[in-house]
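Hi,

Here is the structure I said I would pass on.

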Amino acid sequence: MAFGRSENLGKESKQRIWAFGIFVIAVFLILIIKLFSLQVVNGFIYLNRSREVSRRTTIIPSQRGKIYDRSKDVPLATNVDSFSLFIIPGELENLTPRDVIDRVRETLSYPVQNIEEIYDKIPLNWHNVYTPIELITGLDLTDITPIAENKDHFPGITWESRPNRYYNTEGSMSHVLGYVGKINYEELQILYNKGYTTNSILGKSGIEKTYDDYLRGEDGLKFHTVDVQGRNLAQDSAITPPKNGYDLVLTVDRNIQELVEKAIGPRLGSAVVLKPSTGEILAMASYPGFDPNLFTMEGEGNFNNLSLDPKFPFLNRSIQSAYAPASTFKVLMTFADLAEGAFPEDSLITCRGTMTLGDRIFKCHKITGHGSLTLKEGLAESCNVYFGTLGVDYLGIDTIHHYGELLGLGEPSGIDLEGEVSGVNPSPAWKEAVYNTPWTLGDTLNNSIGQGFVTVTPLQMANLVAMIVNDGKLYKPHLLKQVVDPETGDIIMNTDRELIRDISYIDQDVFSKTREDMRYVITNGTAQPAIMNNTVDIAGKTGTGEVGIDENWHAWFISFGPYDAPPEDQIVVVTQIEAYNENWDWWAIKAADIIYGGIFGNRTYEEEVRDLKSRYVWYSWSIPLDEED
Amino acid sequence: MPLKDLLKKGSKSRRFSIMGYDFVLILTVIMLTVIGILFIYSSGITSLGKNVSNEYIKQILWGVTGIILMFVISFFDYRRIKLVSLYIYLAFVFLLLVTFLFGSVVNGARSWLGIGSLGIQPSEFSKIATIIFLASYLEDNSKDIEAFRVFAGSCLIVGIPAALILIQPDLGTTLVFFPILIAALFTAGADMRYLGFLFLIVILTGIFTMFYAWDLYLSDNFIVLGRIFSDRQVMIPFLAGIGILIFLAGLGLIIYRKQIFFWIAYFWSGVLVSYGITLGAFKVLKGYQLMRLVVFLNPQVDPRGAGWNIIQSVTAVGSGGISGKGFLAGTQSHYRFLPQQSTDFIFSIFAEESGFLGTVVLFILFSLIIIRGLYIVYTAKDRFGALISAGIVGMISFHIIENIGMAIGIMPITGIPLLFLSYGGSSLWTAFISIGIMLSIHQKRYRD
């Protein structure tokens with residue numbers, strides 16, 4: 001017994017056993033405290049984290065709103081579904097990815113290029129890959145249908161539709177519609193708070209850009225749970241359905257647009273047709289245009305080619321280019337003189353072909369001189385001496401500048417397209433600020449005949465005419481007529497006419513006399529030889545601007561019609577052909593003539609031209625018609 | 001003490017008695033094994049709800065055989081083992097050598113010995129062999145238990161198999177030998193100054209390794225502590241300073257005979273030795289091994305690589321919440337975000353599916369093993385039995401603390417199993433053999 005005791009642990013050792021036990025249990029307690037903090041205190045954080053790690057979302061793209069012209073029948077811009085084909089290699093039963101890809105290839109109507117490249121997309125460990133791999137993109141519905149109908153024959157194959165923007169029109173309408181593209185980094189930084197993501201498609205220019213908020217809709221989301229290999233676990237798919245974008249109805253009439261586009265023809269230039277009583281743009285054309293469908297195509301080449309074109313096809317010349325108004329400015333001079341009464345309209349100024357100012361001699365375009373002219377005759381003959389004298393001796397630059405301001409020159413009109421330029425309505429202060437030299441009487445003389453510093457956009461000239469037609473009221477020019485919900489057909493928004501300028505306090509006689517004088521230009525003046533349509537009476541003013549190139553002139557024609565109709569039935573047409581075109585003298589006015597004839601005779605461009613030819617109108621001989629080739 | 005007497009004494013002991021069993025211990029380990037099998041089954045269920053693993057069947061097989069083994073061993077008089085403890089020890093040292101030379105590689109370590117799919121990990125069983133031989137050695141030297149000679153001898157006995165396992169390389173299993181050594185020496189009554197020194201070196205080496213590796217792999221800016229290992233400009237003054245400090249302290253001790261000088265020299269010697277070990281470790285261990293070891297300090301530096309296991313494991317544990325996601329309903333585990341769910345990270349799937357309540361129950365069960373184990377140490381009739389039990393309790397405690405600590409992100413990932421729960425025949429059998437020996441010691445507590 002005593003022997004056994006001596007072998008046993010001593011008293012000190014027994015104390016150590018206690019210490020041992022307490023130490024281990026203390027460490028256990030530390031672990032339990034840590035577990036309490038993980039599971040009880042912060043449990044929900046880790047629960048969220050465990051959900052996040054296994055949650056994936058895929059975007060269900062929304063359909064971008066369609067864009068219609070005012071007749072609301074055929075969309076100008078719409079979407080076509082383009083399908084992408086995917087393979088989930090982990091879901092192939094007893095088949096290799098090559099087998100399945102070959103089966104797909106056999107069903108397609110066209111030979112698949114680069115089949116080796118497609119094979120190479122399959123990783124070597126494909127047995128365990130559950131994330132979809134994109135095989136082929138850009139398929140249309142007819143390619144997908146046979147695969148969808150025999151789903152069992154194509155294990156592991158899935159597809160996704162991606163709406164692509166498609167424009168039913170190419171050419172001049174592209175400037176109005178604009179185009180869409182993938183959001184870039186700078187745009188995302190600005191628009192992030194409005195719900196755009198890195199994959200957003202948004203309008204890059206034109207209506208597409210201005211009304212992107214209406215058009216884009218909201219993408220839907222599909223949530224699903226995946227395991228660590230990315231395999232979809234089907235049991236819990238939740239869907240937030242996409243909200244499709246609103247359709248837009250434009251003020252543009254697609255028939256008039258086509259007529260205008262063809263009337264401008266293959267000549268650098270632009271035209272605006274607007275309804276003065278509302279500000280609605282009926283047509284807005286600019287040549288050359290571009291095909292916006294090219295932007296949705298693969299590769300950057302198309303965009304680059306177009307942006308390097310020296311003719312600047314992206315430029316919407318009707319609002320993004322400012323030109324010297326040339327003789328069309330004389331309408332403003334006439335209006336100013338009538339309103340101010342500075343020089344009586346019936347008094348005479350004599351043109352002898354030249355005019356002396358200080359030691360410099362200015363020439364009129366008629367070397368022999370126009371003789372003695374009243375205001376009406378001066379405008380009809382577009383006499384530079386008459387208006388030079390009027391500007392220098394009777395109105396002065398301050399008055400001219402003032403009327404420029406009243407009639408909307410020198411500032412953007414506020415049309416619902418981006419990139420509108422303001423042009424220049426010069427004043428002595430302006431010249432001092434920009435050139436740091438004082439204003440001279442020569443500048444006033446130049447300004448009086450629409451040369452020199454003054455520049456305007458075709459839309460500004462259209463607005464100017466609209467104010468004269470409307471007795472001083474200008475409604476904001478706009479392209480958007482309605483916003484429509486595509487599902488219910490409800491009208492979400494109607495654009496009401498918006499009065500943005502009002503000078504109706506000026507005597508009504510001033511407006512009616514200006515209109516009369518413009519009519520006289522057609523009946524007895526410079527435009528008389530070219531206005532040959534027998535459908536409608538119009539009033540207007542021609543302009544040919546010097547651009548410093550011999551025998552080349554900017555050609556303008558600003559007009560309204562029908563002359564005697566109430567303002568609600570009248571339209572304003574402004575045409576502008578750039579000087580860089582060869583042998584297109586008078587074309588601005590001829591184009592306007594065709595436009596009026598077409599609109600009011602309810603004829604297409606071809607019908608109108610044929611009508612002119614049948615009447616042996618002099619300028620119609622040289623117009624080619626496709627069907628006669 | 002003559003061996004003859006021991007044998008005589010053994011033969012005189014009371015007959016085996018059912019009532020002598022520690023039923024609490026037996027029930028506890030069986031419950032843990034059942035829990036283990038349930039969650040090994042759970043770990044075999046894929047995200048699609050299919051069972052793709054038969055690991056749970058194998059574990060049942062090993063569990064049943066393990067329990068039988070436990071009872072068989074408990075019948076034997078543990079004192080008989082003492083006769084052959086040296087040979088068992090030598091046999092396992094030899095086996096470890098063979099394993100190192102001819103073993104097959106699993107998970108990067110040459111730790112398996114066997115033919116075809118049948119195999120064992122000698123390193124697991126060598127822990128028991130070492131515990132038994134160490135207990136025998138300490139009993140034989142109980143008179144000089146405070147002598148440095150005995151301390152050094154013990155270190156050698158543990159150090160040989162530990163070193164053979166380290167070169168496999170299996171750092172986790174190597175580390176288990178430290179708590180075995182410390183638990184046995186501590187219980188045997190070794191001088192606290194030696195034990196303290198050992199403890200100091202373990203702790204300091206750990207700290208040094210963490211800081212150095214933190215600087216190398218995890219931190220953006222190099223802090224001073226890292227530079228004492230890499231920058232000669234810092235290294236030489238640091239070592240020289242410590243050398244002078246120890247020399248002066250030794251001088252002070254001789255002249256003034258004040259205790260304080262001893263402890264100064266004691267501490268700084270510990271620093272010096274740990275420094276040497278750390279430097280050596282960084283020469284031997286490969287970068288990715290060190291990275292894996294220290295990444296728990298900041299798993300976000302490599303969330304998809306070295307940090308993945310920790311992040312997914314902590315997420316699994318935390319997302320279990322108070323009552324868990326339910327059996328077979330864990331997402332981290334079934335969607336396979338959690339790695340090695342049946343072995344190293346069995347605790348994570350358990351904690352995810354059974355929540356905080358489950359983990360508390362698990363800790364109660366483990367605490368019962370520790371308490372009953374220490375009770376057996378306390379009541380053992382002789383030093384041999386007491387010291388075997390102490391070594392086993394030390395081993396089991398370390399497995400629990402390290403494995404769970406790793407799963408909840410407060411310990412480095414070393415990859416040692418959670419005894420009784422983790423899938424694996426070698427570790428389960430080792431655990432049951434250990435309990436069997438303890439039961440035998442418990443049986444004999446009232447003899448004579």
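Pro169(B) sits in the loop between α6 (148-166) and α7 of chain B, and the peptide bond that joins Gln168(B) to Pro169(B) is cis, with omega about -5°. Keep in mind throughout that this is a predicted model. Chain A has a cis bond too: the one from Gly561(A) to Pro562(A), with omega near -5°. Pro562(A) belongs to the loop between β22 (553-561) and β23 of chain A. I flag these because most peptide bonds are trans.

While you are at α7 of chain B, look at Leu175(B), which is found in that helix. Leu175(B) has 19 other C-beta atoms within 10 Å, so it counts as partly exposed; the cut-off for buried is 20 or more. Leu175(B) and Ile165(B) are 10 residues apart in sequence, and their C-alpha atoms are 9.6 Å apart in space.

As for chain B as a whole, its secondary structure comes to 17 helices and three strands. Of its 448 residues, 47% count as buried. Among the contacts in chain B with a separation of 6 or more, 69% are between residues 24 or more positions apart.

Next, the interface. On the chain B side 43 residues are in contact with 39 residues of chain A. Which helices of chain B each supply at least two residues to that side? They are α7 (171-188), α13 (308-319), α14 (331-334), α15 (346-379) and α16 (383-407). α15(B) gives the most, with 12 residues. By type, the residues of chain B that touch chain A divide into 23 nonpolar, 15 polar and five charged.

Now the backbone angles. Arg336(B) lies in the loop between α14 and α15 of chain B, and its phi is positive, near 70°, in a residue other than glycine. With 17 C-beta neighbours inside 10 Å, Arg336(B) counts as partly exposed. In chain A, Tyr616(A) also has a positive phi, near 55°. Tyr616(A) is in the segment after α22 of chain A and has 9 other C-beta atoms within 10 Å, so it is exposed.

After α14(A) comes Gly341(A), with a positive phi near 60°.

Is strand β11 of chain A (residues 269-275) enclosed or open? Seven of its seven residues are buried, so β11(A) is largely enclosed by the rest of the structure. Gly269(A), Ala271(A), Val273(A) and Lys275(A) are buried on one side, with Ser270(A), Val272(A) and Leu274(A) buried on the other. β11(A) pairs with β12(A) (residues 280-287) in the antiparallel sense over seven bridges, and Gly269(A) stands opposite Tyr287(A). Four residues lie between the strands of this hairpin, in which Gly279(A) takes a positive phi near 90°. β11(A) also runs antiparallel to β23(A) (residues 571-577), joined by six bridges, and Val272(A) is opposite Val574(A) there.

Last, the cores. The largest nonpolar core has 119 residues, and those with the most contacts inside it are Leu248(A), Val273(A), Val465(A) and Ile595(A). Beyond its neighbours within four places in sequence, Ile595(A) is in contact with Leu259(A), Val260(A), Ala263(A), Val273(A) and Val573(A). A second, separate core of 118 residues includes Phe125(B), Leu181(B), Leu293(B) and Phe347(B).

Cheers

Methods:
Residues are numbered from 1 along each chain as its sequence is written. Chains are lettered from A and ligands numbered from 1 in the order in which they are written. This is a predicted model: local features need pLDDT of at least 70, side-chain atom pairs count only at pLDDT 80 or more; totals for chains, interfaces and linings use all residues. Two residues are in contact if their C-beta atoms, placed from the backbone, lie within 7 Å. Ala, Val, Leu, Ile, Met, Phe, Trp, Tyr, Cys and Pro count as nonpolar, Asp, Glu, Lys and Arg as charged, and the others, Gly among them, as polar. A residue is buried if 20 or more other C-beta atoms lie within 10 Å of its own, exposed if 12 or fewer, and partly exposed in between; C-beta atoms are placed from the backbone. Two strands pair if DSSP finds at least two bridges between them. A nonpolar core is a set of buried Ala, Val, Leu, Ile, Met, Phe, Trp, Tyr and Cys residues joined through C-beta atoms within 7 Å.
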